[in-house]
Structure formats: structure tokens, C-alpha cells
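Visitor: I would like to learn how to read this model feature by feature. Could we start with the backbone and then move on to packing?

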Amino acid sequence: MTHPSSPPADSAPQEPPTRAPSPLLQRPGAVASTGADAGVAAHYGDPHREQRLLVEGLSVVDLSHRAVLTVSGPDRLSWLHSLTSQALTNLAPRTSTETLILTPKGHIEHALHVVDDGETTWLITEPETVGAAQAWLESMRFMLRVEIVDRSEDFAVVGEPVARESVEGEHLAWVDHWPGPMGDTACYGPEEDHPGANRPWREVLVPRGELTAYVGERPLSGTWASEALRVAAWRPRVGAETDHRTIAHELDWLRSAVHLHKGCYRGQETIARVHNLGRPPRRLVFLHLDGSGHTLPEPGDELRNGERAVGRVTTVSRHYEDGPIALAVIKRNTDPTAVLTSGPTSAAQTVVVRP
């Protein structure tokens, strides 16, 4: 099973930065991932057991392929606030949030996991897009007192099933507050009984030389396990659920990454117009896949309602309890009760973003 990442259609494909494979790939049973998660383990021999260990809070995930940027200087938070979708000006030290970089037309380009240590803002993002994100940020510095540095060679990311912010004396960590809602925002899916509320998650920034020691004797789960739990939590990921025309409303991503009244930033007009005047043209949906066949759909495969193409599969996983599951993006007006098909596989919908 792979989880390839599709770059925006209006930009040239980018190769992830060349980096030595993780030393944790030397652990017994490790099988290397491919696609967007290349460089770390997809699993260590038993993906379902690895999911159970994550749910029980016992294991960690090697995410050392993730990219890490830092922004330093006295203007860093107000500057990032002016460029991106989230309110960041008054972000307290060791308080996590996330923000989106949008195109002028409001399409999602980058998602940044944001945490500040009081002197420097740390941004965790996807490895294949970090070059473009850094270049755009550099182009927007003008005369402001900020410095952007790629620290991916110096720091590794470790995923943990923990919802607690880091404290002084610990490694800095970004906590995923999905499904929120966070601040002055809006939800396009359920505000209560959201499955994402049952997924504690944080990403710890560890000096690369300390990665093996930090993990220690704790069990390891691969990215297949963490991705299956992400899918079950309806949690979107850039490059998987996004394409060149994705807007945040389609993925219910306003709830954790967009402040609706923070002032102007690139793409803000689309955020406001769709929120105030209508519904998004597409919507994220969760799928239970028929697992009786020998194969499952691949990310990017077409979804059909009868003879009509209605969307595409974005991420496919095998859940330790629910079996084959997926996220998909479909046309908004697709009948939410219809059983969809992808090739020979049928897919029962659960509404994520309301039609």
C-alpha cells in the first residue's frame, strides 16, 4: 500500500530533498515506505498490531522524512500572520496551531504545523513541497526582520499518540488540535461526535543525532498505521486530499487552520466568499470499502455513481477494526446515500463535509 502525493497541476513536480534513510529503518522487520513517506518505515511487519499500539498510546512513529523550517526575528509572528490563514500574532510559546498558504485564488498550496518557542517559530511541512514553501516565504520578506532557515538536516520529527503540549525542559512539540474548532472559524462537518476527537497526536522535534536515543525501547509503528488512523479521523493531508484547485471548505479544514476575521492575506477573498455566499463545489467523504476482492483502489482512482464520474479516491488504508477505508473528494451534489464504485470495488459513504 502506498500513499503517493500529487503536486499541484500548475507547478512542476518536485522531488523530495535527498536525505539519508532513517536509522530506524534498521529495526527488525522494517519495510521502507514509498511516495510521500519515502525515507521512513511503512511498517515493521504487522501494521494492524502497530495501529493497536498507537491507539493504546504505547508506540511512536518515525516521521524523520518530514521537513522543518524555522522563522526567527522580532517580526516573525506578525509577518506569518499577514501571509497565511491563521491568527498568529499573539501565539504563545509552546502553543500549537496550524496555518495554510493559499494561492491568490484561494487554493491550498501548503499546510504548516506551527509552534513557537518564544524566540523562533518552527514549521513542520511535507518534504516534497518545502523548497517551494521556503522560496515563497523568502520572496515575501521585504524589509521585515525575519530569517527563514531549512532545519530538516538538523531536526527529525517523531509522531506520538499524545495530546499534551511540550513544557520547558522537553523537546519542542507540535500538537494536532484537530478537529478543533480552533478560534474564530467555521465547521463544514460535525462539531460533536467527530471521530478525530479520539486521535491524540503530536509531532516532536528531535535533533537528528538523538533520534535513536529518543525513541529508545518504545515500540515503533509505521506510516501505514498512522495514516490509517488519520483517515479514520477524517484528517486531510496536503498532497493526498488536495490538488491544484482544492479550497479549505471542501476538506472541512477551516475548523483548525483558518481564522475568519483576521484581516487580509493571500487567498482570503475566496475563503470569505465561499463561507458567506455558498457551499464548496466538492466535499470530502469517508468511505468503507468492500474488501472482498483481491485489490483496493489506488489514490487518484476515479469514483463513480452508476455511470457518472463524481470524484476521486485520495487516501486508502486498512484499519485494524474497520477493514479497508478511504478518504475521497467528490462533487458536492452527489447523493450521500449512494453506494459509489471505484473499478470493481464498492464504497459506502459517510458524510464528512455536508452537501
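Guide: Let us begin with Pro179, which lies in the loop between β10 and β11, where helices (H or I, at least four residues) and strands (E, at least two) are DSSP runs numbered from the N terminus. This is a predicted model, in which local features need pLDDT of at least 70 and side-chain atom pairs count only at pLDDT 80 or more, whereas totals for chains, interfaces and linings use all residues. Residues are numbered from 1 along each chain as its sequence is written, and side-chain values use heavy atoms, with hydrogens and water left out.

Visitor: Which form does the peptide bond from Trp178 to Pro179 take, cis or trans?

Guide: As a general idea, most peptide bonds are trans, and most residues other than glycine have a negative phi. The bond from Trp178 to Pro179 is cis, with omega near 10°, and the bond from Gly180 to Pro181 is also cis, with omega near -5°. Pro181, too, belongs to the loop between β10 and β11.

Visitor: What is the phi of Asp193, and is Asp193 buried or exposed?

Guide: Asp193 has a phi near 55°, a positive value in a residue other than glycine, and it sits in the loop between β10 and β11. Its relative accessible area is 77%, so Asp193 is exposed; buried means under 20% relative accessible area, exposed over 50%, and partly exposed in between, with a 1.4 Å probe and protein chains only. Gly183, in the loop between β10 (173-175) and β11 (202-207), also counts as exposed because its relative accessibility is 69%. The C-alpha atoms of Gly183 and Leu172, eleven residues apart along the chain, are separated by 23 Å.

Visitor: Where is Trp234 placed, and is Trp234 buried or exposed?

Guide: Trp234 is placed in the loop between α5 and α6, just after α5, and has a positive phi of about 60° although it is not a glycine. With a relative accessible area of 9%, Trp234 is buried.

Visitor: How does one read the packing of two helices, and at what angle do α1 and α5 pack?

Guide: Two packed helices are described by the angle between their axes and the distance between the axes. Helix α1 (residues 47-55) packs with helix α5 (residues 223-232) at an angle of about 60°, their axes 8 Å apart; axes are lines fitted to C-alpha atoms, for helices over the stretch in contact, and angles run from 0 to 180 degrees between N-to-C directions. The two helices are therefore oblique to each other, given that angles under 35 degrees count as roughly parallel, over 145 as roughly antiparallel, 65 to 115 as roughly perpendicular and the rest as oblique.

Visitor: Which residues of α1 and α5 meet?

Guide: Pro47, Glu50, Gln51, Leu54 and Val55 in α1 meet Trp224, Ala225, Ser226, Ala228 and Leu229 in α5, contact meaning heavy atoms within 4.5 Å. Ten of the ten residues of α5 are buried, so α5 is largely enclosed by the rest of the structure.

Visitor: Which residues touch the most other members of the largest nonpolar core?

Guide: A nonpolar core is a set of buried Ala, Val, Leu, Ile, Met, Phe, Trp, Tyr and Cys residues joined through side-chain atoms within 4.5 Å. Of the 27 residues in the largest one, Leu100, Ala248, Trp253 and Val258 touch the most other members. The largest share of this core, three residues, comes from β16.
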